[in-house]
Amino acid sequence: MERASLFFLVAWVALLSAAPMARSLPYDYSSSSECLPEPMEPHYGGGIIRNADFSAGLEGWTTFGYGSVAAGASEAGNRYGVALNRTRPYQSVSQKVQLQNDTHYTLSAWLQVSDGSADVRAVVKTNGNFIHAGGVEAVSGCWSILKGGLTAAAAGQAELYFESNATVDIWLDNVSLQPFSREEWAAHHEASIKKARKKTVRLRARGAGGKPVPGAQVRIEHVRSGFPLGSAMSAEILSNPAYQRWFTSRFTVTTFENEMKWYSTERVQGREDYSVPDAMLRFAKSHGIKVRGHNIFWDDPSTQMSWVKALSGDQLQRATARRMKSVMSRYAGQVIAWDVVNENLHFNFFEGKFGSEASAAFYRRAHQTDGDALMSMNEFNTLEQPGDFKAVPGKYLGKLWQIKDFPGNGNAARMAIGLEGHFSVPNIPYIRAALDTMSKAGVPIWLTEIDVAAGPNQARHLEEILREVYSHPAVHGIILWTAWHPQGCYVMCLTDNGFRNLPTGDVVDKLIGEWRTRSHAGVADDEGYYEAELFHGDYKVTVSHPAANATVVQSLSVDRESDTEYTIHV
């Protein structure tokens with residue numbers, strides 16, 4: 001009887017343990033970059049939001065900030081909530097929710113305003129804190145999606161509302177707030193990596209006359225990762241063998257931290273010196289490390305040399321033309337991408353001199369000069385700060401489309417998205433949601449300058465960020481902003497001055513190892529097939545004939561577009 005009771009207890013505990021997995025939801029990567037006549041259905045049916053689509057009027061919703069709220073309806077019959085007669089930024093339609101401890105929440109909502117356009121931010125008030133969960137530029141006459149999120153640090157009641165400094169009415173519809181445990185979130189990573197970073201391939205061994213070779217011995221060794229993961233590089237690498245060994249044993253792509261920038265190659269007007277970036281490029285190429293060109297121009301006024309600031313409009317036109325021709329013709333065909341106008345959402349030095357389409361004109365000229373490279377917009381805070389309206393996903397995409405729509409650009413211009421990633425405490429659900437929206441541009445997304453502010457959780461935050469961006473299917477490459485200097489790195493180092501890993505370096509090494517296929521061996525089946533799930537990359541495949549005493553070594557490349565079945569003749 002006791003044994004039966006024990007069996008029942010064990011079975012019941014196992015059932016309870018399995019229950020959360022049974023209830024887990026796959027992540028919904030869908031978003032929109034368009035302003036639509038009617039909003040799309042709420043993600044996850046609204047999640048924990050009650051009356052998410054306002055089909056029951058204002059039931060479950062209330063007023064935040066002593067404003068006025070009402071129910072509205074479109075001519076097509078779609079119902080929504082309205083915050084009316086607003087005189088304060090925080091006056092809004094709101095809903096109280098119960099948050100779970102240490103849980104990720106993905107948020108989405110569709111917004112419109114009564115007149116013109118306005119920046120609208122989603123805010124979650126919890127435990128006296130106001131957490132920015134996302135932002136969007138809402139406009140009159142159509143619906144825009146705000147997709148964001150947050151992580152609840154503690155359980156308790158919270159209130160979701162939407163704020164804007166503009167005094168327009170805010171229309172709200174199809175709101176969703178969906179919780180995911182950390183285990184579910186990690187399961188999303190695994191599922192996405194399996195789909196976006198791996199491929200199952202079948203190798204078939206054939207012998208004389210093309211006959212299958214059952215029992216063939218197969219060994220697969222991962223030679224090089226197919227996913228570009230790298231670090232910024234400083235000129236110190238040219239004279240430091242220890243730095244060289246540490247760097248080249250890990251990374252497949254790089255950006256020169258400062259050495260290719262205008263203020264490094266032409267400090268004095270008319271005196272160009274490319275000797276340092278030339279040497280760095282030779283070093284990178286000799287080790288098979290690809291290079292991003294950073295940068296042609298930087299829109300930040302504080303980075304302009306005094307002689308540049310002193311130029312007249314016509315003189316500056318001629319100087320920028322010389323600069324672009326000089327750096328791009330020198331390195332065309334040798335770099336995989338160019339940051340053409342760096343940080344042109346936050347700054348506007350060249351727009352202030354040449355007009356609002358200055359960036360677009362630079363990109364057109366850049367594409368004409370080096371048509372094989374990606375032309376990247378490189379910007380900060382699109383992923384780092386949900387509350388920075390200069391760089392929210394919609395604003396970034398608006399600038400991108402302005403550049404693509406400029407005469408002479410269009411679809412021919414090989415545009416890319418560059419997201420810097422200078423983090424303090426990362427909002428992990430927001431990072432994923434922002435990437436969802438950015439992916440709607442249909443161009444490659446790179447993380448170009450990842451670092452994390454110093455603190456006791458720096459390494460843990462770095463690992464969370466890298467896992468999140470690597471697993472997102474729209475991300476094509478990652479570069480860490482960790483160029484080494486003996487006096488210290490920009491924000492974050494991976495090693496000490498003896499090139500012994502710091503905790504952040506240990507994180508990078510752990511993930512490099514985790515995102516590789518371990519060497520393994522096996523035996524082909526009765527039809528000569530051997531099947532393996534492989535990370536994208538380059539492989540050395542060794543196949544031995546069990547009877548003919550013959551061995552063949554063959555190279556194999558696996559990527560998104562490669563075949564799934566290969567024949568190896570032994």
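**Buried spots, salt bridges and a pocket**

Colleague: Let's start with A232: is A232 buried or exposed?
Modeller: Keep in mind that this is a predicted model. To call a residue buried, we want its relative accessible area under 20%. A232 comes out at 1% relative accessibility, so A232 counts as buried.

Colleague: Where does A232 sit, and which residues does A232 touch beyond those up to four places away in sequence?
Modeller: A232 has its place in strand β13. Once residues up to four places away in sequence are left out, A232 touches Y243, F247, T254, T255, I479, L480, W481, T482 and A483.

Colleague: How far apart are the C-alpha atoms of A232 and V253?
Modeller: Along the chain, A232 and V253 are 21 residues apart.

Colleague: What about S231: buried or exposed?
Modeller: S231 lies in strand β13, which covers residues 229-233. Its relative accessibility is 1%, and the limit for buried is under 20%. So S231 counts as buried.

Colleague: Which residue's side chain joins the side chain of S231 in a polar contact?
Modeller: Setting aside neighbours within four places in sequence, S231 is in contact with several residues, including F247, I479 and T482. A polar contact of 2.8 Å joins the side chain of S231 to that of T482.

Colleague: How far is S231 from G67, going by C-alpha atoms?
Modeller: Those two are 164 residues apart along the chain. The separation of their C-alpha atoms is 50 Å.

Colleague: On to salt bridges: how many residues apart are D102 and R182?
Modeller: D102 and R182 form a salt bridge, with their closest N and O atoms 2.7 Å apart. D102 is in the loop between β4 and β5, while R182 is in helix α2. The pair links distant parts of the chain, and the gap is 80 residues.

Colleague: How many residues apart in sequence are the parts tied together by R250 and D509?
Modeller: R250 and D509 form a salt bridge, their closest N and O atoms being 2.8 Å apart. R250 lies in the loop between α3 and β14 and D509 in helix α13, so the parts tied together are separated in sequence by 259 residues.

Colleague: R467 and E463 meet in a salt bridge too, so which of them counts as buried?
Modeller: They meet at 3.0 Å, N to O, and they are four residues apart in helix α12, which means about one helical turn. R467 is partly exposed, with a relative accessible area of 22%. At 17%, under the 20% limit, the one that counts as buried is E463.

Colleague: Now the largest pocket: which strand gives the most to its lining?
Modeller: The largest pocket holds about 1100 Å³ of space and is lined by 41 residues. At least two residues each come from β12, β15, β21, β24 and β25. With three residues, the strand that gives the most is β12.

Colleague: And how many charged residues are in that lining of the largest pocket?
Modeller: Lying nearest the pocket's centre are S225, G226, F227, P228 and H476. By class, the lining has 18 nonpolar and eleven polar residues, and the charged ones number twelve.

Note on methods:
Residues numbered from 1 in each chain as written. Predicted model: local features only at pLDDT ≥ 70, side-chain atom pairs only at ≥ 80, totals over all residues. Heavy atoms only, no water. 1 Å grid on protein atoms, 1.4 Å probe; cavity = no way out; pocket = protein on both sides within 12 Å on 5 of 7 lines; lining within 4 Å. Points joined across faces, edges and corners; volume = space filled by probe spheres on them. Nonpolar A, V, L, I, M, F, W, Y, C, P; charged D, E, K, R; others polar. Salt bridge = Lys/Arg side-chain N within 4 Å of Asp/Glu carboxyl O. Buried < 20%, exposed > 50% of the residue type's maximum accessible area, 1.4 Å probe, protein only. Contact = heavy atoms within 4.5 Å. Polar contact = N/O pair within 3.5 Å; in protein donor to acceptor, adjacent residues only side chain to side chain.
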